[in-house]
Amino acid sequence: MPPWVKTDLTGDLPEDSGVTLMTTDELVKQSFAALKAGALEVRPGQAKQLAFMRRLAPDFINRQLWKASKDLVPVGVG
Amino acid sequence: MNLTGRTILITGGSAGIGLAFALKFVELGNEVIVTGRRQAVLDDVKAKYPKLHTIQSDVANPAQIAALGARVKADFPKLDVLMNNAGIMIYKNLKAPAADLAGLMTEMNINVGGVIGMTSAFIDILTANKGTLINVSSALAFVPLPSAPIYSATKAAIHSYTQSLRFQLEETGERSSSSCPHG
């Protein structure tokens with residue numbers, strides 16, 4: 001799963017979703033270090049690995065995300 | 001990027017990632033303005049963190065973006081950082097027809113339309129002040145989360161848009177960065 005950040009957006013995630021949440025403090029710490037260093041693209045936590053996996057094995061990582069998030073799809077509602 | 005002595009506008013800054021960035025920027029000695037849709041929430045934020053400037057504004061509403069632009073340029077002429085952070089995520093079942101087609105576009109209007117509108121409204125002052133533009137994207141820009149298909153698509157769009165901005169702005173002295181958290 002991608003590096004989810006603990007905010008209101010992720011508040012309704014079920015506890016057994018397998019998602020690891022990054023705190024906003026940790027996000028800020030990593031982001032400010034990257035911005036200070038002049039990074040044009042900040043990839044905190046596992047974002048870097050996800051971008052790498054997309055290049056290395058796109059079908060595999062796409063399917064992994066689908067498997068991990070299938071239960072979050074609302075039933076019967078478009 | 002210089003992280004002190006800046007004047008910074010953060011959309012969706014009343015909670016979550018936006019508020020966390022705002023507080024850190026204040027701690028580092030910056031002037032920070034945050035926007036949000038709900039006045040009551042902004043009032044609470046202002047009461048708790050009096051150093052923050054708060055302005056009610058909805059990034060999905062072009063008229064409110066224009067009004068915000070006029071107000072901020074008048075009140076904060078040194079504005080030199082815009083952080084496009086406001087965003088929402090909705091889990092969607094693509095197999096069922098949407099009951100409300102307009103509602104189906106909500107994420108597009110906020111996550112994409114908001115960023116494009118805000119950038120356009122502030123590009124002149126940011127360029128004049130040799131500023132910095134930060135667009136908050138997501139790791140889901142690289143690989144979609146199928147349960148949040150529209151959100152993932154909006155973040156891919158923002159990632160692409162930011163790359164184009166970077167090239168168009170490279171001779172103006174302005175910088176554009178994207179951040180890829182998620183949440």
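**View 1. The contact region between chain A and chain B.** In this predicted model, 41 residues of chain A are in contact with 31 residues of chain B. On the side of chain A that touches chain B, at least two residues each are supplied by strand 1 (4–5), helix 1 (24–36), strand 3 (41–42), helix 2 (47–56) and helix 3 (58–69). Helix 1 of chain A provides the largest share of this side, eight residues. Classified by residue type, the side of chain A that touches chain B comprises 24 nonpolar, nine polar and eight charged residues.

**View 2. Strand pairing between the chains.** Strand 3 of chain A pairs with strand 6 (residues 175–179) of chain B. The pairing is in the parallel sense and extends over two bridges. Within strand 6 of chain B, Ser178(B) is the residue that stands opposite Glu41(A).

**View 3. The fold of chain B.** Chain B contains six helices and six strands. Read from the N terminus, its elements follow the order β-α-β-α-β-α-β-α-α-β-α-β. Of the contacts in chain B between residues at least 6 apart in sequence, 67% join residues at least 24 apart.

View 4. Buried residues account for 51% of the 183 residues in chain B.

Note on methods:
Residues are numbered from 1 along each chain as its sequence is written. Chains are lettered from A and ligands numbered from 1 in the order in which they are written. This is a predicted model: local features need pLDDT of at least 70, side-chain atom pairs count only at pLDDT 80 or more; totals for chains, interfaces and linings use all residues. Two residues are in contact if their C-beta atoms, placed from the backbone, lie within 7 Å. Helices (H or I, at least four residues) and strands (E, at least two) are DSSP runs, numbered from the N terminus. Ala, Val, Leu, Ile, Met, Phe, Trp, Tyr, Cys and Pro count as nonpolar, Asp, Glu, Lys and Arg as charged, and the others, Gly among them, as polar. Two strands pair if DSSP finds at least two bridges between them. A residue is buried if 20 or more other C-beta atoms lie within 10 Å of its own, exposed if 12 or fewer, and partly exposed in between; C-beta atoms are placed from the backbone.
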